[in-house]
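Please walk me through this structure. I would like to know how its helices cross and how its aromatic rings pair.

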Amino acid sequence: AFWVVDAHVVLSRIDILENAKIQNVVVLQTVLELVRARSIGVFHRLRALVKDPTRRFHVFANEHARETFVSREAGESADAYALRSVHAAAQWLQERFAAESDIQTPLVTAARGARDAAAEAGVAEALT
């Protein structure tokens with residue numbers, strides 16, 4: 001499995017992500033930018049994980065991929081837009097991996113209600 005993490009997981013559980021047993025993680029560009037804006041220390045710790053080839057943390061540029069790009073709606077808050085971006089990318093990754101292999105790509109979130117919001121947005125697998 002490849003675990004797709006949201007910003008809440010990174011910001012509140014970076015110590016767990018740093019555990020050597022945690023591997024095969026997809027970090028969306030949207031998540032990377034949110035983490036950088038909210039905690040530069042956590043951002044640097046996350047970048048260290050991404051740079052370590054033994055950890056297999058991968059950055060996916062979801063904001064630059066045609067299949068996962070979402071436009072910001074008029075009056076939409078930055079957090080709401082980021083949440084929609086994460087859900088769109090997670091949904092696409094799940095569909096893409098399911099179509100080409102049997103690799104699962106669940107979205108992992110630490111935010112209350114985020115799992116239900118992900119399901120409403122069409123994300124098949126979301127864990128808290």
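A crossing is left-handed if the near helix is turned anticlockwise from the far one by less than a right angle, and right-handed if clockwise. Helices here are DSSP runs of H or I with at least four residues, strands are runs of E with at least two, and both are numbered from the N terminus.

This is a predicted model, in which local features need pLDDT of at least 70 and side-chain atom pairs count only at pLDDT 80 or more, while totals for chains, interfaces and linings use all residues. Residues are numbered from 1 along each chain as its sequence is written, and side-chain values use heavy atoms, with hydrogens and water left out.

Start with the helices. Two packed helices are described by the angle between their axes and the distance between the axes. Axes are lines fitted to C-alpha atoms, for helices over the stretch in contact, and angles run from 0 to 180 degrees between N-to-C directions. Angles under 35 degrees count as roughly parallel, over 145 as roughly antiparallel, 65 to 115 as roughly perpendicular and the rest as oblique.

Take α1 and α2. Their axes come within 9 Å and cross at roughly 45 degrees. The two helices are therefore oblique to each other. Their crossing is right-handed. Ala7, Val10 and Leu11 of α1 make the contact with Val31, Leu34, Val35 and Arg38 of α2. Contact means heavy atoms within 4.5 Å. By class, there are 6 nonpolar, no polar and 1 charged residues in the contact of α1 with α2. Ala, Val, Leu, Ile, Met, Phe, Trp, Tyr, Cys and Pro count as nonpolar, Asp, Glu, Lys and Arg as charged, and the others, Gly among them, as polar.

Now bring in α3. Helix α1 (residues 7-17) and helix α3 (residues 40-51) have axes that come within 10 Å and cross at roughly 45 degrees. This crossing is left-handed. On the α1 side are Val10, Leu11, Ile14, Asp15 and Leu17, which meet Val42, Arg45, Leu46 and Leu49 in α3. That contact has 7 nonpolar, no polar and 2 charged residues.

What about helix α2 (residues 29-38) and α3? Their axes come within 6 Å and cross at roughly 140 degrees. That makes α2 oblique to α3. Leu32, Val35, Arg36 and Arg38 in α2 meet Ile40, Val42, Phe43, Leu46 and Arg47 in α3. The contact of α2 with α3 has 6 nonpolar, no polar and 3 charged residues.

Next, the rings. How many aromatic pairs does a search of the whole structure find? It finds 2. Phenylalanine 2 and phenylalanine 97 are stacked, at 5.7 Å centre to centre and 20 degrees between the planes. Phenylalanine 2 lies in the segment before β1 (3-5) and phenylalanine 97 in helix α4 (residues 78-100), so the pair ties together parts that are 95 residues apart in sequence. The rings of phenylalanine 60 and tryptophan 92 have centres 5.8 Å apart and planes at 10 degrees, so this pair is stacked too. Rings of Phe, Tyr and Trp (its six-membered ring) pair if their centres lie within 6.5 Å; planes under 30 degrees apart count as stacked, over 60 as edge-to-face and the rest as tilted.

Finally, look at the backbone. Most residues other than glycine have a negative phi, and most peptide bonds are trans. Asparagine 24 has a positive phi of about 60 degrees although it is not a glycine. Asparagine 24 sits in the loop between α1 and β2 (25-28). Arginine 56, also not a glycine, has a positive phi of about 55 degrees. Arginine 56 is in the loop between α3 and β3.
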